[in-house]
Amino acid sequence: MAQESPKNSAAEIPVTSNGQLEDSHEHSFNRDLKHSLPVGLGLSETKITSHGFDSTKEGVFEAGPFPGSSASPKSSVISPSSAAASRLAGQGCDLIIPTGGRVQQRSGPVVLADEVKNPAMEKLELVRKWSLNTYKCTRQIISEKLGRGSRTVDLELEAQIDILRDNKKKYENILRLAQTLSTQLFQMVHTQRQLGDAFADLSLKSLELHEEFGYNADTQKLLAKNGETLLGAINFFIASVTTLVNKTMEDTLLTVKQYETARIEYDAYRTDLEELNLGPRDTNTLPKIEQSQQLFQVHKEKYDKMRNDVSIKLKFLEENKVKVLHNQLVLFHNAIAAYFSGNQKQLEQTLKEFHIKLKTPGADAPSWLEEQ
């Protein structure tokens, strides 16, 4: 039986299935869903199909523009009422609204796709890959030490690396000796300065030996001054060689360590690939061989890149070492020769030539105004 609502221009048609009336439960459900339509809305076509778990009954609502109405059909989004939504949840159905305006109701549970990756699983995968790589590299190192495994050797590059390590040890020994010389020279200059002050004090108090004490006081003060100049040159030499050894060479050796690690990984995956190629080829081993070939290629490219980096750094290091040590060795020689020959002007000229500025004793100490 059709009923006309004063608030809605749409016609309501009772739901039937094969010419039979719906039961009260389905009828009330469809009525609530029908009442959820906006008031005064004219739809060109709206069809709602529902399926239940316990019956094969099917209900269809069809509504069109009210006869005699001049309003044009408009599209709208159907929002079920709270009662209809509760029945949908109770029946375990999901509501699907296609783009064409058709509302369908399918039976089945609601499944939410979890597109977010689990951080714990990602960490576990990283740990697994790290453990596998560590195992392969450790096995390769042990095999090489026992003489059972083969290793890739670049004879020219390995010779240059050995020379670098040997030179670094020798330069470190020179640094230790130069620092010892600097410490001893500082103590000698300090002693000469104190001795000159003592001679000067005695020349004022001893009238009979005034000239003799005065000559010795001037000599010790001059030696202390020249010693401070030589000390500045030696400290400049130490600072420059320290930068060369502890920074430039150390940076190159760090790249060498990365190169050696890449070489071990390359040999480890190369050995695995060779073992798989020697074995049988079937449906089980072919995917493993293909995966091993890909990993081998990745580590081969990494090894080639690191070898190229080491060669470039060794070349630049050699050029920088020659340039730095040439200037520093000339400075050291000229300063030592001028000091022990007593040529004060030559010693001062050497420092000016290398732009070395001596620190005045007590220049770093704050004044009494700053202390206040």
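According to its unreviewed UniProt entry, the annotation "coiled-coil region" covers residues 154–181 and 289–320; such positions are given in the numbering used here, feature names are shortened, and annotations may be inferred rather than shown by experiment. The model itself is predicted, so that local features need pLDDT of at least 70 and side-chain atom pairs count only at pLDDT 80 or more, while totals for chains, interfaces and linings use all residues. Residues are numbered from 1 along each chain as its sequence is written, and side-chain values use heavy atoms, with hydrogens and water left out.

Over residues 154–181 the chain is 96% helix and 0% strand, with the end C-alpha atoms 41 Å apart, and over residues 289–320 it is 100% helix and 0% strand, with an end-to-end C-alpha separation of 46 Å. Helices (H or I, at least four residues) and strands (E, at least two) are taken here as DSSP runs, numbered from the N terminus.

Helix packing can be followed through H5. Helix H3 (residues 119–146) packs against H5 at an angle of about 90 degrees, the two axes lying 9 Å apart; axes here are lines fitted to C-alpha atoms, for helices over the stretch in contact, and angles run from 0 to 180 degrees between N-to-C directions. H3 and H5 are therefore roughly perpendicular to each other, given that angles under 35 degrees count as roughly parallel, over 145 as roughly antiparallel, 65 to 115 as roughly perpendicular and the rest as oblique. Where they meet, H3 contributes residues including Asn-133, Cys-137 and Ile-141, and H5 contributes others, among them Arg-263, Asp-267 and Tyr-269, a contact being heavy atoms within 4.5 Å.

H5 also packs with helix H7 (residues 344–353), here at an angle of about 25 degrees with the axes 10 Å apart, and H5 and H7 are therefore roughly parallel to each other. The crossing of H5 and H7 is left-handed, a term used if the near helix is turned anticlockwise from the far one by less than a right angle, whereas clockwise would be right-handed. On the H5 side this contact is made by Leu-222, Lys-225, Asn-226, Thr-229, Leu-230 and Ala-233, and on the H7 side by Gln-344, Leu-347, Glu-348 and Leu-351.

Ile-356 lies in the loop between H7 and helix H8 (368–371), and its C-alpha atom is separated by 7.2 Å from that of Ala-233, 123 residues away along the chain. With a relative accessible area of 12%, Ile-356 is buried, where buried means under 20%, exposed over 50% and partly exposed in between (1.4 Å probe, protein chains only).

How do charged residues pair? Side chains of opposite charge can pair when their charged atoms come close. A search of the whole structure finds 18 salt bridges, each defined as a side-chain nitrogen of Lys or Arg within 4 Å of a carboxyl oxygen of Asp or Glu.

Glu-250 is partly exposed at 35%, whereas Lys-168 is buried at 12%.

Further along, Asp-309 pairs with Lys-305, the closest N and O atoms again 3.2 Å apart, and these residues are 4 residues apart in helix H6 (residues 285–340), about one helical turn. Asp-309 is also touched by Thr-255, as are Met-306, Val-310 and Lys-313, not counting residues up to four places away in sequence. Thr-255 lies in helix H5 and is buried, with a relative accessible area of 7%. Finally, Arg-263, Asp-267, Arg-270 and Glu-274 are linked in a network of salt bridges.
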